[in-house]
Amino acid sequence: MNDELFLDERVEVLAKYGSGLNPCVPIKFRRASGREVIVAEIGLRHPTVQGRRTVHVFDVTDGAADYRLEFDSERLTWRLTREGDRT
Amino acid sequence: MKTLRHDYNSETPQVMHIDLNSCFATVEQQARVRLRGRPVAIVNRRTEHTMIVTASYEAKAMGVTLGMKLKDAKKICPGLVGIESDPAKYRYVYHKMLDIMNDYSAHVRMKSIDEGVIDFHESPRAIRERGLESIGREIKQRLRNEIGCAMRCNVGIATNRFLAKTAASLHKPDGLDVITAANLRAIYASLELTDLTGIAQRNESRLQAVGILTPLQFLDAEAQVLRSMVFKSVNGDQWHQRLRGWEVDNVDFEMKTAGRQFVLDGYNLPYEQIIKRLHHLCEATGKKIRSQGKVARGVQVWATTHREPGTRKESVRGGWEGQHGSRYWHARHMSTMPFYSDQAIYSQAKQLFVNAPPLIRTIGVTVYELSDDDDPQMSLFGDELAREKSIVSAIDEINDRYGKHVIHSADTIGVGDTVREKIPFGSTRYL
């Protein structure tokens with residue numbers, strides 16, 4: 001299987017909010033270790049529902065690895081839940 | 001069936017079939033940028049011994065096929081990346097695709113999670129006048145704009161659903177083809193019988209038995225031959241019409257059964273562990289029929305077993321059911337009263353499962369004889385049924401609000417992590 005890491009790490013995210021097809025665009029995030037990751041591209045954003053709570057999942061990359069960020073729209077929190085696809 | 005038409009349908013094509021290419025692998029490559037251009041295989045479990053559900057085009061080019069075990073695929077494609085399926089992602093893409101298709105016609109039918117049909121016959125004139133090829137190209141572009149730049153789809157345009165699907169499979173990936181009465185014979189001449197949707201090994205043998213070896217011979221066969229010698233039913237007439245571009249597949253089928261199955265997560269699991277998993281499947285099945293406003297009257301449980309030690313693996317036509325040493329077992333029960341609660345399904349399934357064989361590999365539960373849950377007839381047990389209905393509705397409401405399986409039987413605690421939701425192939429009712 002792919003060597004992805006499953007995480008549940010609270011992260012600080014700088015995002016741009018606007019209009020159009022992608023109204024929320026994460027720009028960069030800071031991990032618990034203090035390391036900053038600059039988002040080079042958003043692969044896909046899709047919502048998931050946990051009961052009536054919507055969590056938006058952002059699959060992003062910094063060019064060296066792929067990451068999964070999850071934004072809880074009720075609690076307004078960001079979590080890093082996966083890291084993988086390093087070559 | 002109405003009078004058979006012997007000519008080819010020469011109307012302007014008004015049916016469009018859209019098929020996402022290697023859907024689940026493409027969606028993963030869209031989401032995970034660093035997987036693009038790499039061979040990717042989607043599997044349902046995080047293990048090397050599982051079957052491949054979808055492979056990316058890069059993997060297919062290396063000889064990886066669907067149904068192959070991941071560990072075997074890695075032998076012929078060493079760089080293959082195995083990814084566990086993520087149904088929420090595919091469901092999102094399905095809904096985006098459906099939204100786009102709905103912009104062009106009120107007559108859209110999704111055939112499965114990754115393909116759908118737009119019927120333009122009753123679309124506004126302004127849309128039809130643009131021409132379906134132009135609309136097809138626009139839909140391709142919209143998929144890239146609204147989902148992501150790695151998304152590709154095949155578009156097929158024809159006079160009926162069958163030919164539109166055939167057209168969509170001509171140039172993968174990212175093709176756009178039109179089949180009309182003018183190029184129909186040339187297209188058939190380039191295909192094998194099994195390239196036609198609905199013609200697999202069994203139907204191919206039936207056709208070959210009467211000397212029909214190619215799609216062109218199939219097209220030229222008389223309706224009488226197809227009806228009385230090949231398909232031995234009205235199916236023969238339908239094929240005669242379908243091949244000529246006349247519509248016979250514009251039908252919706254009623255929901256007749258619902259169920260779930262699960263390949264056990266261990267060899268020779270103890271009976272009580274299997275029963276817990278069966279209970280979870282019953283809960284999922286109950287939720288399925290209630291979500292569609294149905295009640296059931298029959299329950300079937302089934303199981304397949306591992307090959308018994310010492311028996312030789314010998315695949316024969318018919319797949320796993322035909323494997324020597326492996327057994328398919330089932331039992332069913334029909335009730336006089338309709339039911340819909342998880343508890344009612346489970347109590348019957350559990351009773352039936354007592355006779356299940358040892359060494360079980362796969363289990364499944366299916367409910368059948370479904371009908372609409374609107375029977376106004378008062379039964380002798382009216383109060384009892386009303387009370388059960390209130391409890392079931394309350395549980396469903398809580399689970400809808402706070403998440404699946406927030407309230408469930410104590411028996412299935414922890415089983416939900418094992419029996420996880422998988423890709424819903426086939427019906428799109430639950431998407």
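These legends accompany close-up views of a predicted model.

**View 1**
Let's start with the layout of chain B: domain 1 spans 12–182, domain 2 spans 188–252 and domain 3 spans 258–418. The C-alpha centres of domain 1 of chain B and domain 2 of chain B are 26 Å apart. Where these two domains of chain B touch, nine residues of domain 1 are in contact with eight residues of domain 2. On the domain 1 side, the largest share comes from helix α7 (residues 161–168) of chain B, which supplies five residues. Sorted by class, that side of domain 1 has four nonpolar, three polar and two charged residues.

**View 1. Strand β2 of chain B and its two partners.**
Strand β2 of chain B covers residues 40–43. Val40(B) and Ile42(B) point one way from the strand, while Ala41(B) and Val43(B) point the other way. All four of these residues are buried. One partner is strand β4 (residues 81–84) of chain B, which pairs with β2(B) in the parallel sense over four bridges. To find this pairing by eye, look for Ile42(B) and its bridge partner in β4(B), Ile83(B). Another partner is strand β3 (residues 52–55) of chain B, which runs antiparallel to β2(B) and is joined to it by three bridges. Here a handy pair to look for is Ala41(B) with its bridge partner in β3(B), Ala55(B).

**View 2. Helices α1 and α4 of chain B, packed together.**
Two packed helices are described by the angle between their axes and the distance between the axes. For helix α1 (residues 23–31) and helix α4 (residues 87–102) of chain B, the angle is about 95° and the axes are 10 Å apart. The angle makes α1(B) roughly perpendicular to α4(B). The α1(B) side of the contact is formed by Cys23(B), Phe24(B), Val27(B) and Ala31(B). Facing them from α4(B) are Lys89(B), Tyr90(B) and Val93(B). By class, this contact has six nonpolar residues, no polar residues and one charged residue.

**View 3. The buried residues of helix α12 of chain B.**
Helix α12 of chain B takes in residues 235–243. Its buried residues are Gln238(B), Trp239(B), His240(B), Gln241(B), Arg242(B) and Leu243(B). What covers these buried residues includes α7, α10 (215–220) and α11 (223–230) of chain B. After α12(B) comes Gly245(B), with a positive phi near 95°.

**View 4. Where chain A meets chain B.**
Here 18 residues of chain A are in contact with 18 residues of chain B. On the chain A side, the elements that give two or more residues are β5 (41–50) and β6 (53–61) of chain A. Strand β5(A) gives the most, with seven residues. By class, the chain A side divides into five nonpolar, eight polar and five charged residues.

**View 5. The open sheet of chain A.**
Five strands of chain A make an open sheet in the order β1-β8-β7-β6-β5, with antiparallel pairing. Strands β1 (5–10) and β5 of chain A stand at the edges with a single partner strand each, so one side of each has no neighbour in the sheet. On average, neighbouring strands of this sheet are turned by 20° against each other, direction ignored. Within the sheet, β7 (residues 66–72) and β8 (residues 77–84) of chain A pair in the antiparallel sense over seven bridges.

Gln261(B) sits in strand β9 (residues 258–263) of chain B. This residue is partly exposed, with 15 other C-beta atoms within 10 Å. Gln261(B) and Thr362(B) are 101 residues apart in sequence, and their C-alpha atoms are 7.1 Å apart in space. Leaving aside residues up to four places away in sequence, Gln261(B) touches Thr362(B), Ile363(B) and Gly364(B). Pro270(B) lies in the loop between β9 and α13 (271–291) of chain B. Pro270(B) is exposed, with 9 other C-beta atoms within 10 Å. The C-alpha atoms of Pro270(B) and Tyr90(B) are separated by 34 Å, and the two residues are 180 residues apart along the chain.

Technical notes:
Residues are numbered from 1 along each chain as its sequence is written. Chains are lettered from A and ligands numbered from 1 in the order in which they are written. This is a predicted model: local features need pLDDT of at least 70, side-chain atom pairs count only at pLDDT 80 or more; totals for chains, interfaces and linings use all residues. Domain bounds come from an automatic or database domain assignment. Two residues are in contact if their C-beta atoms, placed from the backbone, lie within 7 Å. Ala, Val, Leu, Ile, Met, Phe, Trp, Tyr, Cys and Pro count as nonpolar, Asp, Glu, Lys and Arg as charged, and the others, Gly among them, as polar. A residue is buried if 20 or more other C-beta atoms lie within 10 Å of its own, exposed if 12 or fewer, and partly exposed in between; C-beta atoms are placed from the backbone. Two strands pair if DSSP finds at least two bridges between them. Axes are lines fitted to C-alpha atoms, for helices over the stretch in contact, and angles run from 0 to 180 degrees between N-to-C directions. Angles under 35 degrees count as roughly parallel, over 145 as roughly antiparallel, 65 to 115 as roughly perpendicular and the rest as oblique.
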